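Student: I would like a close look at one part of this model, the sheet and its turn. Please take me through it step by step.

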Amino acid sequence: MQNTKPRVSKATISRIPLYYRAVVQLQQEGVARIRSERLSEIIHIPSATIRRDFSSFGELGKSGYGYSIATLVEEFGQLLDVDSSEAIILVGVGGLGRALLMNNFRRNPDLNIVMAFDADPDKVNTRIGGIPVYPFATLAAHMNPNIHTAILAVPSSAQTGVIGTLEAFGINAIMTFAPQPVACAPQTTIRYIDLTSELQTLLYTAHQKMKVR
């Protein structure tokens, strides 16, 4: 049987967590329904984009009636699998890594960094934010077969070797702050977070808005 469900674009997928966070907040505030125009004002995404994104997941609302907040919370929560806990390891506990450990997704209880690794003797065998930091060389001794997700806060020069080692121990979902793409196994998904590019995009957008005034 042919699957007639439309493909969801990567751009739409990237916006789902933002939608989910917004509608959960609205639900906590007692809001029952919302129109795309109002949601656009809250999250600064064009209303046409919101309607197009939402249509990718079926009939979430009706024209002139808006969207049920409870329906959106349920739909996006299922898409993000928020009822399942995801154990995560962190590699690299420099400034950025340390900040991640101290925060540890406190607003998202389904996401939890359970241990961290580093190669610096001064940083290992300690605890940061209550999370143990081990030598990266001892990864095999601490890995759990149920852990498949890692965050990397290591230099670009170390990224290829670290990813290869993680893949050998079953890690197949990796978010890295080193923006240089690297080769990986077909079953591995890597998300590159380039803070410089994000800032440049922000500044470009802000400057364009200033020009049209």
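Student: How many residues lie between strand 6 and strand 7 in their hairpin, and which residue in the turn has a positive phi?

Tutor: Two residues lie between strand 6 and strand 7, and G129 in the turn has a positive phi of about 60°. This is a predicted model: local features need pLDDT of at least 70, side-chain atom pairs count only at pLDDT 80 or more, and totals for chains, interfaces and linings use all residues. Residues are numbered from 1 along each chain as its sequence is written, and side-chain values use heavy atoms, with hydrogens and water left out.

Strand 6 and strand 7 run antiparallel and are joined by three bridges. Strands here are DSSP runs of E with at least two residues, helices are runs of H or I with at least four, and both are numbered from the N terminus. Two strands pair if DSSP finds at least two bridges between them. I128 has I131 in strand 7 as its bridge partner.

Now widen the view. Axes are lines fitted to C-alpha atoms, for helices over the stretch in contact; angles run from 0 to 180 degrees between N-to-C directions.

Strand 7 (residues 131–135) runs parallel to strand 5, with three bridges between them. There, P135 in strand 7 stands opposite D118. Strand 5 (residues 111–118) also pairs with strand 4 (residues 86–91), in the parallel sense and over six bridges. In that pair, N112 in strand 5 faces A87.

Next comes strand 8 (residues 149–152). It runs parallel to strand 4, and four bridges join the two. T149 in strand 8 stands opposite I88.

Helix 1 (residues 10–28) and helix 2 (residues 36–43) pack at about 105°, with axes 11 Å apart. The two are therefore roughly perpendicular, a label for angles of 65 to 115 degrees (under 35 is roughly parallel, over 145 roughly antiparallel, the rest oblique). L18, Y19, A22 and L26 in helix 1 meet L39, I42 and I43 in helix 2. Contact means heavy atoms within 4.5 Å. By class, this contact has seven nonpolar, no polar and no charged residues. Nonpolar covers Ala, Val, Leu, Ile, Met, Phe, Trp, Tyr, Cys and Pro; charged covers Asp, Glu, Lys and Arg; the others, Gly among them, are polar.

Last, confidence. The protein chain averages a pLDDT of 88, and 94% of the residues score at least 70. pLDDT is the predictor's confidence in each residue, from 0 to 100. Residues 1–5 have a pLDDT below 50, and this stretch has zero contacts in the model beyond near neighbours in sequence.
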